[in-house]
Amino acid sequence: MLKSRFTFRMLLILILILALTTISIVTLTKNLPMEIEQIRWIDVYMVILFLFTWFWLVFGELRTKIIKITILDNQVQKKNYFGLNQKFDFNYFDGFQTSILRGKGENHEYLYLVKDKRKVIKISEKYHKNYFELKKRIATDLNNLGKIEFSYLDELKEIFK
């Protein structure tokens, strides 16, 4: 049995989500009710920016990437922080694909377990300490379907799937 272990960066994402949520709630409770004449464009812009960031972090990162992976003999178990626990046999998947997220000064690899061209499980070097150990174990049971180009637009679309 092989279990994923999280990096420190994962904790930073959780802290950021909590901070954004707390700041938003405190700001709203102090400023509501508000007259429509008091609303400035910068307020609207900041609300949209905060909501987008919060949505991205919670439904993009927390729900799909900050997941606990357990690999048993012929199964992969995925558990996210919303309490959803799923088990898949390796033969369920068509294979796996990898992608590189390029950033300032560092690159991170992602591994996607794929079924019918859909990314069912996302494992990230950014969030999992033992990413390469997980990748090596997965590669023994699944076909490598090659590399794909990382796309923020695709990541954004997958939030709503």
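Lys 78 sits in strand S3, which covers residues 75–79, and the model in which it is seen here is a predicted one. Because buried means under 20% relative accessible area, Lys 78, at 11% relative accessibility, counts as buried. Its side chain reaches the backbone oxygen of Val 120 at 3.3 Å. When neighbours within four places in sequence are left aside, Lys 78 is in contact with Ile 67, Lys 68 and Ile 69, with Leu 84, Asn 85 and Gln 86, and also with Val 120 and Ile 121.

Two or more lining residues come from each of helix H2, strand S4 (85–89), strand S7 (118–124) and helix H4 (152–159), and the largest share, 5 residues, is that of S7. Sorted by class, the lining holds 10 charged, 6 nonpolar and 3 polar residues.

The largest pocket has a volume of about 590 Å³. Its lining is made up of 19 residues, and those lying nearest its centre are Thr 27, Leu 28, Asp 43, Met 46 and Val 47. Helix H1 (8–31) and helix H2 (41–64) are the elements that give two or more residues to this lining, with H2 giving the most, 8 residues. By class, the lining of the largest pocket has 13 nonpolar residues, alongside 5 polar and 1 charged.

Terms used
Residues numbered from 1 in each chain as written. Predicted model: local features only at pLDDT ≥ 70, side-chain atom pairs only at ≥ 80, totals over all residues. Heavy atoms only, no water. Helix = DSSP H or I, 4+ residues; strand = E, 2+ residues; numbered from the N terminus. Buried < 20%, exposed > 50% of the residue type's maximum accessible area, 1.4 Å probe, protein only. Polar contact = N/O pair within 3.5 Å; in protein donor to acceptor, adjacent residues only side chain to side chain. Contact = heavy atoms within 4.5 Å. 1 Å grid on protein atoms, 1.4 Å probe; cavity = no way out; pocket = protein on both sides within 12 Å on 5 of 7 lines; lining within 4 Å. Points joined across faces, edges and corners; volume = space filled by probe spheres on them. Nonpolar A, V, L, I, M, F, W, Y, C, P; charged D, E, K, R; others polar.
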